Amino acid sequence: TQPPESLFTFEALGQGFSMNLWMIHGVVVTALGMALVAAGWWQVDRADGLVTDGLYAYGRNPTYVGIALIAMGWVIGFPTILTLVLFPLLVGAYYNAARHEAEDMRERYGEAYEQWARETPLFV
């Protein structure tokens with residue numbers, strides 16, 4: 001089998017690199033995930049209390065979605081046995097974390113959280 005054709009080549013620190021179409025798509029998906037994580041963390045860091053607006057108006061865990069996109073970008077761009085095995089494990093771990101976090105948020109914010117949870121999906 002022939003490797004995919006390189007679309008982009010460059011040199012850094014004396015080492016040559018090349019990227020095919022799948023790698024470029026993977027980098028784009030990874031960058032989108034990183035942006036989502038950064039924006040979600042920024043929003044939570046600046047807030048006092050329960051965050052229900054901005055990214056959190058569309059889903060209760062946008063940073064977890066961002067982390068899944070980062071991992072998906074690696075699966076798309078750099079598919080290996082390791083990335084293929086770890087991706088579902090990572091998604092499952094963050095799904096479980098989101099469920100446990102929801103219980104903590106219910107205890108902490110009570111009815112305000114319940115109302116938001118009824119209107120907003122766990123993930124986008």
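## A buried threonine

Leaving out neighbours within four places in sequence, T63 is in contact with L36, V37, G40, W41 and Y56, where contact means heavy atoms within 4.5 Å. This is a predicted model, in which local features need pLDDT of at least 70 and side-chain atom pairs count only at pLDDT 80 or more, while totals for chains, interfaces and linings use all residues. Residues are numbered from 1 along each chain as its sequence is written, and side-chain values use heavy atoms, with hydrogens and water left out.

You can find T63 in helix α2, which covers residues 62–77. T63 is buried, with a relative accessible area of 9%. Here, buried means under 20% relative accessible area, exposed means over 50%, and partly exposed is in between, using a 1.4 Å probe and protein chains only.

## The overall layout

Let's step back to the whole chain. The protein has 4 helices and 2 strands, and from the N terminus on they run β-β-α-α-α-α. These elements are DSSP runs numbered from the N terminus: helices are H or I with at least four residues, and strands are E with at least two.

How does the radius of gyration of the protein relate to that of a compact globule of 124 residues? The protein has 18 Å, whereas such a globule would have a value near 14 Å. The radius is taken over C-alpha atoms, and the globule rule is 2.2 Å times the number of residues to the power 0.38. Along the principal axes, the C-alpha atoms fill a box of roughly 60 × 30 × 25 Å. Buried residues make up 28% of the 124 residues. Among contacts between residues at least 6 apart in sequence, 58% join residues at least 24 apart.

## The nonpolar core

Which residues form the largest nonpolar core? There are 7 residues in this core: V51, Y56, A102, M105, Y113, W116 and A117. Two or more residues come from each of α3 (81–109) and α4 (111–119), and α4 gives the most, with 3 residues. A nonpolar core is a set of buried Ala, Val, Leu, Ile, Met, Phe, Trp, Tyr and Cys residues joined through side-chain atoms within 4.5 Å. In soluble globular proteins, nonpolar side chains tend to be buried together.

Leaving aside neighbours within four places in sequence, Q43 is in contact with V51, D53, G54, L55 and Y56. Q43 sits in helix α1 (residues 21–46) and is buried, with a relative accessible area of 14%.

## A glycine inside helix α2

Now look at G73, which lies in helix α2. Is G73 buried or exposed? G73 is buried, with a relative accessible area of 0%. Not counting residues up to four places away in sequence, G73 touches G26, V29, T30 and F78. G73 and T30 are 43 residues apart in sequence, yet their C-alpha atoms are 4.6 Å apart in space.

## Two residues with more open surroundings

L13 is found in the loop between β1 (6–12) and β2 (15–20), and this residue is exposed, with a relative accessible area of 91%. The phi of L13 is near 55°, a positive value in a residue other than glycine. Most residues other than glycine have a negative phi.

P88, in helix α3, is partly exposed, with a relative accessible area of 48%. P88 and A71 are 17 residues apart in sequence and 9.4 Å apart from C-alpha to C-alpha.
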